[in-house]
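The exercises below are meant to be worked through with the sequence and the structure in view. Try each task before reading the solution that follows.

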Amino acid sequence: MNDDAQLSITQLNDSLQHKAVEAFAAFYQRLFDANNLELMSNYPVVNYMTDINEHLNLSRFMTKDQRISDSVDFSYQDYLSLIDKLDQPYFESGNPAQTWDEWYASHFAQVSKS
């Protein structure tokens, strides 16, 4: 992880927050569809995940892109709060210190070693 990335998602401007949430929502939806969200439940985020998951379940009939867009529109604040709790630092550009896939892999490795 790069030490230059020291901002939380809530410290980014609105436009960069929205971009970050959209990127995370695509990552999250992949994990949701694969029934693979256990790692995130190790954080104090269950209430946010419950709301996001409920809406994702209701929108299963949509295309992938429609579903992500709808989920971001409906659950934006839940995504923002969830990301904030996952300890992902951001650069001033709005890019995360690690891709979400890298974040997942590093946290999964930590859990598997314990």
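Axes are lines fitted to C-alpha atoms, for helices over the stretch in contact, and angles between N-to-C directions run from 0 to 180 degrees. Helices (H or I, at least four residues) are DSSP runs, numbered from the N terminus. The model is a predicted one, in which local features need pLDDT of at least 70 and side-chain atom pairs count only at pLDDT 80 or more, while totals for chains, interfaces and linings use all residues. Residues are numbered from 1 along each chain as its sequence is written, and side-chain values use heavy atoms, with hydrogens and water left out.

**Exercise 1.** Describe how H2 and H3 pack.

Step one: the axes of H2 and H3 lie 9 Å apart, and the angle at which the helices pack is about 170°. Step two: H2 is therefore roughly antiparallel to H3, a term for angles over 145 degrees.

**Exercise 2.** Find the aromatic pairs formed by phenylalanine 24 with tyrosine 28 and with tyrosine 79.

Step one: rings of Phe, Tyr and Trp (its six-membered ring) pair if their centres lie within 6.5 Å, and planes under 30 degrees apart count as stacked, over 60 as edge-to-face and the rest as tilted. Step two: the whole structure holds ten aromatic pairs. In one of them, the ring centres of phenylalanine 24 and tyrosine 28 are 5.8 Å apart with the planes at 45°, so this pair is tilted. Step three: both residues belong to helix H1 (residues 14–33), where they are four residues apart, about one turn of the helix. Step four: phenylalanine 24 also pairs edge-to-face with tyrosine 79, at 6.1 Å centre to centre and 80° between the planes. This pair links distant parts of the chain, since phenylalanine 24 is in helix H1 and tyrosine 79 in helix H3 (residues 64–85), 55 residues apart. Step five: both phenylalanine 24 and tyrosine 79 are buried, which stands for under 20% relative accessible area (1.4 Å probe, protein chains only).

**Exercise 3.** Which residue's side chain does asparagine 53 join through a polar contact?

Step one: asparagine 53 is found in helix H2 (residues 46–58), and with a relative accessible area of 18% it counts as buried. Step two: its side chain is joined to that of tyrosine 28 by a polar contact of 2.5 Å; such a contact is a pair of N or O atoms within 3.5 Å, and within protein one must be able to donate a hydrogen and the other to accept it, with residues adjacent in sequence counting only if both atoms are side-chain atoms. Step three: tyrosine 28 is itself buried, at 0% relative accessibility.

**Exercise 4.** Is asparagine 35 buried or exposed?

Step one: asparagine 35 is found in the loop between H1 and H2. Step two: with a relative accessible area of 63%, asparagine 35 is exposed, a word kept for values over 50%. Step three: its phi is near 55°, a positive value in a residue other than glycine.

Notes. Helix = DSSP H or I, 4+ residues; strand = E, 2+ residues; numbered from the N terminus. Parallel < 35°, antiparallel > 145°, perpendicular 65-115°, else oblique.
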